[in-house]
Amino acid sequence: MTMPKIALRGLYKIFGPDDAAMMAHVRGGMGKVDLLEQHKHVLGLQDIWVDMQPGEITVVMGLSGSGKSTLIRHLNRLIEPTAGEILLDGEDVTGLGADALRRLRQKRMSMVFQKFALLPHRTVLQNAATALEVQGVDRKTREAAAQKWLKRVGLDGYEGRYPAQLSGGMQQRVGIARALTSNADIMLMDEAFSALDPLIRTDMQNLLLELQVELKKTIVFITHDLDEALKLADHLVILKDGAVVQQGEPQGILLAPADPYIEDFVRDINRARVLRVRSVMGPVQDGAHAGDVDPDDTLETLIARSGGETSLCYRVVKNGEIMGQIDMRDLVRALVPRVSGRVD
Amino acid sequence: MAYEGVFDALGLREWCDAAGDNAPLSMADLLASTGAAGEGGGLPFPSLDVLHEACPQIVQTRDVTAALENGFLAMRPELKFVLDPLTQPLSWMLDSALWFFTSVPWWVLLPALIYLAWAVSRSRGVTLFVALSFAALGVIDHLEVALETLSIIFVCTSISVLLGVPIGIAMSRSKTVQRSILPVLDLLQTLPTFVYLIPLIFLFSITESKLYGIAIILYAIVPVIRLTDLGIRLVDRDVIEAADAFGMSNRQKLWKVQLPLALPNIMAGVNQTIMMSLAMVVIASLVSAPGLGVLVLRGIRNLELGVGLVAGIGIVLLAVILDRTSKAALARVDRAGKAE
């Protein structure tokens, strides 16, 4: 396995005036509720271990208050951890001084914000060039770069406008162009699409996936929306009360939720649209095949193709190689959420 | 009489009498000797004067006032030694501004001022109004005094902005600084305007122009400080976070983000500062500030109704000119910020 781009090693965050002293209590097993009641400190993150692979989209999902925004702000140290390590290409960045930290933020990480956070007194072009301006790149070079990325996100011709003149979706495109212009290979996206209309949000998700095919950035994406998480994630991390409850490949989480909290989460998902053939297929057996399908097809496509017939069986083929087969009966079974033996 | 028993009971009688009543007669003594006072009920409030009567060791109220005065006078040479050279440039600036405004011929100065109004406001209406006001003041032979007032305001406002904006920035950056400066600002705003003048008269010679310059600046600097502080604190947190996330240094954040976004508020503060220095320039004429205020003062002193009223209307005209021009500039900044 390659070295993770970002690795969080036993990360803790406690909010309060005397956070370091509280670590002893937390390590001693004190929970969030007790810590708040007895010591008036808030346990923001506890014992986070996450590896984020280069070129992948790692999605951190959780409800509000789960610590996901706190987590992403640790990566560029907008929030300082109480304990633990943040490894960037294997190097711990928790000890960086102010100058080194600023260089890190300028060159190695960029960020996209929920509320866009554009500078209202600057044009779209100047906004997109912000990152390079901070780095001290001359005007001509940085505006050429900004121009290129604005075009790439579909904002050709809007360079001279001000952010307030644009719709939310367009403003966030500027936000993405600003992040891309910095040429950092890590992009942090904090609920980047949560403030947008559903249709625009889908557009933006597609834009991001499209850019990602080409750019292969290491993206950390925060969201509270499971559909969005499943659509974007290569690696999904689910947070609850500041702790990781489950992480892994999204299809795996969907098929085998680790606890009732996640089961609740995945219950309302359109599984046919999210699950893919590769997650449900089995080994090749002899017998007739109704046709070949791609492992990355969604179950929905396959259902449409079979016309609802459940007695069929398809061969899964990728690049001419037979990967396995999928029985429509298994497919239908996979559509029913797993219910653990719990009593409501 | 009422409190003599108290001192006796405390066993302090001997200590009290050791002083002997050799203080000069106070007003209370005089009244008592004429039998006019001391009849106000059996138990007067235990003020210093009443207690002094019962026990001569206790000081009288007039001694407190005298001590304050003597203390100030004792500090005066040192204060003067420090403040005189520090504030001397203010005198020079005021004197040269006055000289400049009164010696440049009107047919150069007025077009320049009208152009200035156009340059900051970019509004035809405002510029026309400025031109008409100057013409009106000129026609009634008040142009020179009005220009004197204007020159004082230019100097005092500029210095207020130059000092006030950095102080406001410092306040916005540190809670401690803010907490220590706010009471001073409150004091400066609530202190009756005449009170500014008293210690200044003792410190500086009344012929020096910095005397009124300091009084005006102290009074007028407050809003620009407050609004700079407020403006910077009101800058959207998300934008500041974005600036941090892109690795801006504090200086870059200040110049590229905080000041531009706080500019509308700062401009509102400058507008207030201009208005307040105009208000103070009239009172400052009590301590030899030239300009329209002198005429107002003459109107009061000699009961020359017409002189006072005309000068008063002149001040109103100046106020409207300055207010409209700076508000038009503010509106322009606002528009640029929001980009309609």
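Two residues are in contact here if their C-beta atoms, placed from the backbone, lie within 7 Å. With that in hand, welcome to a predicted model in which 18 residues of chain B are in contact with 20 residues of chain A.

**Where chain B touches chain A**
- Three helices of chain B, α12 (237–245), α13 (250–283) and α15 (305–338), each supply at least two residues of the side that touches chain A.
- α12(B) gives the largest share of that side, with 6 residues.
- Sorted by class, the side of chain B that touches chain A has 10 nonpolar, 4 polar and 4 charged residues.

**Chain B overall**
- Chain B holds 15 helices and 0 strands.
- Its radius of gyration is 27 Å, while a compact globule of 340 residues would come out near 20 Å.
- The C-alpha trace of chain B spans about 80 × 60 × 40 Å along its principal axes.
- Of the 340 residues in chain B, 34% are buried.
- Among contacts in chain B with a separation of 6 or more, 74% join residues 24 or more positions apart.

**Strands of chain A around β9**
- Strand β9 (residues 235–240) of chain A pairs with strand β3 (residues 57–61) of chain A in the parallel sense, over 4 bridges.
- Within this pairing, Val60(A) has Val237(A) in β9(A) as its bridge partner.
- β9(A) is also joined to strand β10 (residues 243–248) of chain A by 5 bridges, and these two run antiparallel.
- Here Leu239(A) stands opposite Val244(A) in β10(A).
- The hairpin of β9(A) and β10(A) has 2 residues between the strands, and Asp241(A) takes a positive phi near 50 degrees in it.

Key. Residues numbered from 1 in each chain as written. Chains lettered and ligands numbered in written order. Predicted model: local features only at pLDDT ≥ 70, side-chain atom pairs only at ≥ 80, totals over all residues. Nonpolar A, V, L, I, M, F, W, Y, C, P; charged D, E, K, R; others polar. Rg over C-alpha atoms; globule rule 2.2 N^0.38 Å. Buried ≥ 20, exposed ≤ 12 C-beta atoms within 10 Å, placed from the backbone. Pairing = 2+ DSSP bridges.
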